[in-house]
Amino acid sequence: MLRDILSGKSGIDPSQLAGAAGLPNDPASVAALMQQLQGAMNAQGTGVDWQIALTQGEQRAANGQLTATDEQQTQLRQAFHIAALWLDDVITVAELTVEPRLMTRREWVTATMPLWTQLAEPVATSISDSLTKVFAEQVPEEMQGMVANASQLVRSIGGTLFAMQLGQVVGQLASEVVSGCDVGIPLLGEQQAALLPQNVSDFGAGLDVPADQVQIYLAVREIAHARLFRHARWLRLHLTSAVTAYARGISIDSSRLEELAGNFDPSNPEDLRQAMVDGSLIQQKSESQISALSRLETMLALVEGWVDVVTARATIRLPKADAIAETVKRRRAAGGPAESAFATLVGLELRPRRLREAAAMWQAVTDAVGNEARDALWSHPDLLPTSEDIDDPQRLIARLASVARGEPEVLDDVDQALEDLLRDDGAERPHED
């Protein structure tokens, strides 16, 4: 069927194939799809060509892209400077040693695509494996001798379609985000802060708030994120490892894929398109995935909650800070079309569900023990508040207050048993010089 389409012998409308793959069906996109599929049919490799995702993403982001004026760049650099000074008053984590950046949408895609492909690769591999498996099982017995070469073709085409979809999603996401850390995970390099001037302008367009206040508020949030990830150097790897570990557990429902294959009508690919956009091809989460997702959501909530608290304290000088903060919360709760598409494509929502409770905990800790003791909790993963601490901040506060007074730490049952074991072990053995 694909050979007929590419050679022009098929009556199938290529735009329908593009629509089924979740891609735009304008002439340029359809031509790009045909070209990429032709390349996939001729490819010899076994992996996904992620350069396709980068190319698609950059092209999508470039549509409608505007270059910041000199005045906008000056204003945003000044906003970064003010943000750094105001944050110095409310946090004790170190300053950045890398200059913040102003990025176009296309530059944001280029800078962040390596992490997007890292997160998506397990799903792309699962899709390709499932397509190959279903193809091998469904092919008639008299054609089994052709399976080896044809299976490689199916794998290449599956990977190509997925890479094109990812590129479209990330390219669209570039028109929605305002900064480097806007989606909750550190997409840029270590301690790199960035704003997208065009999107910052769009963010403030519907608000009855002066542009300079919007710029400063968003700069404070971005600098707070970047300084936290610089202070807690383990945090970026911890988050990305948790996401990729979760993604590796994702598998495709082969029975659903077989059902689609058996009922597929090339002239009406709506069922296939719907399966691609509603996530029904991805199997339900396993128990281990649910546990991993819970830990990941707690971590994301802790990061975002801390940023919310320190941003509120740092921007107290802004008359319209509360209005901007409310807009950020509504925007974060609703999510954008591209973020929803990524959640469907990869089976993972990068949205903390316990953000409000985590922010309340950080505020209570700040009021009780101050900025330094609060920020010291980020120095090691073992010190970070747990989900139980979010539920009951007073227990955490009591522990921190006790340490501040110089009192011995109260151990839980497990730690106490370990302490007793080590003490007994030391008493039974003669001391050696």
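Are D308 and R332 buried or exposed? Both D308 and R332 are buried in this predicted model.

## The D308–R332 pair

D308 and R332 form a salt bridge, and their closest N and O atoms are 3.0 Å apart. The pair links distant parts of the chain, with D308 in helix α13 and R332 in helix α14, 24 residues apart. D308 and R332 also belong to a network of salt bridges that includes R221 and E304.

## Salt bridges in the model

Side chains of opposite charge can pair when their charged atoms come close. The model holds 13 salt bridges.

One of them joins R317 to D89, with 3.1 Å between the closest N and O atoms. R317 sits in the loop between α13 and α14, while D89 sits in the loop between α5 and β1, 228 residues apart. R317 has a relative accessible area of 45%, so R317 counts as partly exposed.

## R354 and its surroundings

R354 forms a salt bridge with D391, and the closest N and O atoms are 2.3 Å apart. Because R354 lies in the loop between α15 and α16 and D391 lies in helix α17, the pair ties together parts that are 37 residues apart in sequence. R354 is partly exposed, at 22% relative accessibility, whereas D391 is exposed, with a relative accessible area of 54%.

R354 can also be placed relative to L300: the two residues are 54 apart in sequence, and their C-alpha atoms are 8.8 Å apart in space. L300 lies in helix α13, which spans residues 287–314. L300 is buried, with a relative accessible area of 1%.

Definitions and conventions: Residues are numbered from 1 along each chain as its sequence is written. This is a predicted model: local features need pLDDT of at least 70, side-chain atom pairs count only at pLDDT 80 or more; totals for chains, interfaces and linings use all residues. Side-chain values use heavy atoms; hydrogens and water are left out. Helices (H or I, at least four residues) and strands (E, at least two) are DSSP runs, numbered from the N terminus. Buried means under 20% relative accessible area, exposed over 50%, partly exposed in between (1.4 Å probe, protein chains only). A salt bridge is a side-chain nitrogen of Lys or Arg within 4 Å of a carboxyl oxygen of Asp or Glu.
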